[in-house]
Amino acid sequence: MLRDITLGQYYPAESVIHRLDPRTKFLGTLAFIVALFLFKTFWGFLLCGGFIIFVTALAKLPIKFLIKGMRPILFLLLFMMIFNLLLTPGEIIGQWWIFRVTKEGVYAALFMGLRLVMLVFGSSIMTYTTTPNKLTSGMESVFGFLKIFKVPVHELAMMISIALRFIPILLDETNKIMKAQQARGADFETGGLIKRAKALVPLLIPLFVSAFRRAEELAEAMEARCYHGGKGRTKMKPLKYHLRDLIAYLSLIGLIVGCVFIP
Amino acid sequence: MSLILDKISYYYGKGTAFETAAVKNITLSIPDGEFIGLIGHTGSGKSTLIQHMNGLIKPESGNIYFNGADIYDKDFKLRDLRRKVGLVFQYPEHQLFETTVIKDVLFGPNNMGFTKLEAEVAAYDALKAVGIGEDLIDASPLELSGGQKRRVAIAGVLACNPEILILDEPTAGLDPAGRTEILNLLKKIHEEKKITIILVSHSMEDVARYAERIIVIDNGEIYFDDEPRKVFEHEDELKKMGLEIPQCTQLVRKLKKCGFDVDEDCLTVEETLASIKECFGIN
Amino acid sequence: MVNFDKVTFEYIRRDEDGNVEGINKALDEIDLDVKKGDFIAILGANGSGKSTLARHINALLKPTEGTVYIEELDTKDEKNHLSIREKTGMVFQNPDNQIIASIVEEDVGFGPENIGVPTKEIWERVAEALEKTGMTAYREKSPNNLSGGQKQRVAIAGILAMKPDCIVLDEPTAMLDPEGRKEVIKTVTELNKTEGITIILITHYMTEVVGADKVYVMEKGSIKLQGTPRQIFSKVETLAEYKLDVPQVTWIAHQLRKAGLKLPECVLTVDELVEALKELVQYD
């Protein structure tokens, strides 16, 4: 069950999108999100939708895999859509008890839903095609200017990349502890909210204990391998822009311009 | 009283490109009171197999019967199965969560619907069986040594009064003294409480010493299921699976080949020593 | 290469309120001298102090009394830490908790990055380290999909890429299955033979120390026995006192010798014992 969460995981493949500079992908994702909120008509959807499908194809990502990654946000998506559907004022097309559905509401819900789906799609393409290490070194470089304001950019980037590395390990561990407690008769599946929350204690405490133990051991291993912060550190994979990055930037500018001027 | 697995199969990543069979068409019968060794290396499917035995994993195909009842029948209560088939996972000390040893051991019995008195009797009994003394029952599990933690975790499962106790590599990561301690403990529990024990291990030497029946699993399939001396006759096939028969059994086999009059079925060092001594006429 | 001079390490036990409960001596006046290119093994039960000793070699811990020198560098001096850690790499017990990156080659490159090796040379070092540990085929894989033995080989490669003179392995096989254990021991033995790297292997599996030049047995923070594997293995009873056991054939041979058979002092393999027994019969 927990194995199904693919969000934020790297999907290894040989593609031009995988080879793009992580800064391009990071800034590109931001640009794409901006573009998503710029257009106001159906044509904008087609443009952005077409763009994302094109990028997915270029990245050689199986659609199934992407859709699977949507599962964790399904609840949020439904919630937002229903919220928009019922609370947008305008021309009433249906009514039931205290709920009324308006034409504007239907549009708003659809727009919101599609935007959110594309937003998650777009950002997950970034994480699927970029190794956590590259992604963090990209972010480290993009946000590098913050160092002037004493923001520990390198340390934050390192923390994120380690967190990403340990997500699958901790998920496995959660699964294992859950089963071990189930074997002792624990019940995670039935009962009211309070009972279920209480049932989580035997799962969460061992998980925290284990996470702390891992953190301690990892810190020791990093120290043993001469880690001493960002000072004097070189990079195995330094960032370098190529022609493909220029093309990517140009197409993103094209997308934004398109979204602004589309009828 | 018995547990029967009838032609069970289970796949990982069902429906994806990564689909692999974890266990294939396995049929097994676990009668009362046996001490069974389940052997196979990492990834052989042994951990998946044992999770079927108390309903933590549902097979894709095949049936599991406990005392004659299909455990996936509508009327069957999985919780009853989990009480009667105790499963101790690898590194079980990682599941301890309570503030004191006794509270942690009570977790199982309380979940299983024991009365307060029954639960306490069972918990104290289990702690005694694993050799945790009165002085430690109110200690925090985090303060104990590695070996003690593991014994407390085993007590946590034992306190549910299971009829079958399955342990997944209970000696992993312990030093030699710790390993012997745990194994002797299991033997004692088996003899005194008449509990069926399934010991999952990759040490042939441990299994040979304690088990009366050995099941060898590789690639999700059962290759051998017999008493130890019969299984060890397949020395070469076992070697291909990355498993070695105990050193002392190897020794007597080789000696026999060289013409020494020794018993080639020796399973433990004591038996081997006695047999060689006899052969040389010393005592 | 590694030199311990009367090293004592104490830690203070405190109760819940932070009051001192007592002082434990994890190491008690340890003297140790490891020469370059040696393969030494340190045996001991859990809690014997062997892991504490390992952490002193890498300057992760500093002695309460006495001095640890790594090629003349005193571990007490903070300024020496980076060069000490570059010279003496360390492999830990849990394979998962020492791999930092999500891709094998990036993890191997982590050490060289930290010590400021130029990019081009990092790539050369990574390729070489993966080759020497036999992990080249996995360089672009995620560590999560590797077996325990393979993960430990990645950890060893990560150390190798820092070009160390010495590798300290703190129970590297405790969490592995027999196959993985063999893999790791074979890898370090080869590195010792072909690269001349000093190996300090800490373990409680007796069979793993058979190939070592010298074996130390620790108990309660001090070194109780030292000698070649054969010298150590012949002391079956003493080892049992220290909660260690010998391979089955060694035990059998020892008992037979005690019962009066004229066998060599220490037997390590099945074949050795078979041959020795055959010889006995011929003399009769």
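Before going on, some housekeeping. This is a predicted model, where local features need pLDDT of at least 70 and side-chain atom pairs count only at pLDDT 80 or more, while totals for chains, interfaces and linings use all residues. Residues are numbered from 1 along each chain as its sequence is written, chains are lettered from A and ligands numbered from 1 in the order in which they are written, and side-chain values use heavy atoms, with hydrogens and water left out.

OK, chain A. It has 11 helices and two strands; helices here are DSSP runs of H or I with at least four residues, strands are E runs of at least two, and both are numbered from the N terminus. Along the sequence you read α-α-α-α-α-β-β-α-α-α-α-α-α. The C-alpha trace spans about 65 × 60 × 40 Å along its principal axes, and 41% of the 263 residues of chain A count as buried.

Back to L243(A), which sits in helix α11, residues 243-261 of chain A. Patches take residues with over 30% relative accessible area and no salt bridge, joining nonpolar side chains (Val, Leu, Ile, Met, Phe, Trp, Tyr) within 5 Å and like charges within 9 Å. A salt bridge is a side-chain nitrogen of Lys or Arg within 4 Å of a carboxyl oxygen of Asp or Glu. The areas are Shrake-Rupley, with a 1.4 Å probe, and for residues only the protein chains shown count as cover.

Chain B has a charged counterpart: D261(B), D263(B), E271(B) and E278(B) form a negative surface patch. D261(B) is in the loop between α10 (247-257) and α11 (269-279) of chain B, and it counts as exposed because its relative accessibility is 61%.

Now the strands of chain B. There's an open sheet of four, in the order β2-β1-β4-β5, paired antiparallel. β2 (20-31) and β5 (69-70) of chain B are at the edges with a single partner strand each, so one side of each has no neighbour in the sheet. Strands pair when DSSP finds at least two bridges between them; β1 (residues 2-12) of chain B has eight to β2(B), and I4(B) is partnered with S29(B) there. S9(B) is also in β1 of chain B, and at 8% relative accessibility it counts as buried.

Most residues other than glycine have a negative phi. Two more to look at, then. K150(A) has a positive phi of about 65 degrees, in the loop between α7 (132-142) and α8 (153-183) of chain A. E171(C) has one near 45 degrees, in the loop between β7 (166-170) and α7 (178-195) of chain C. Buried or exposed? K150(A) is exposed at 76%, whereas E171(C) is buried at 6%.

Key
Lys, Arg positive; Asp, Glu negative; His and termini not counted. Charge placed at Lys NZ, Arg CZ, Asp CG, Glu CD. Buried < 20%, exposed > 50% of the residue type's maximum accessible area, 1.4 Å probe, protein only.
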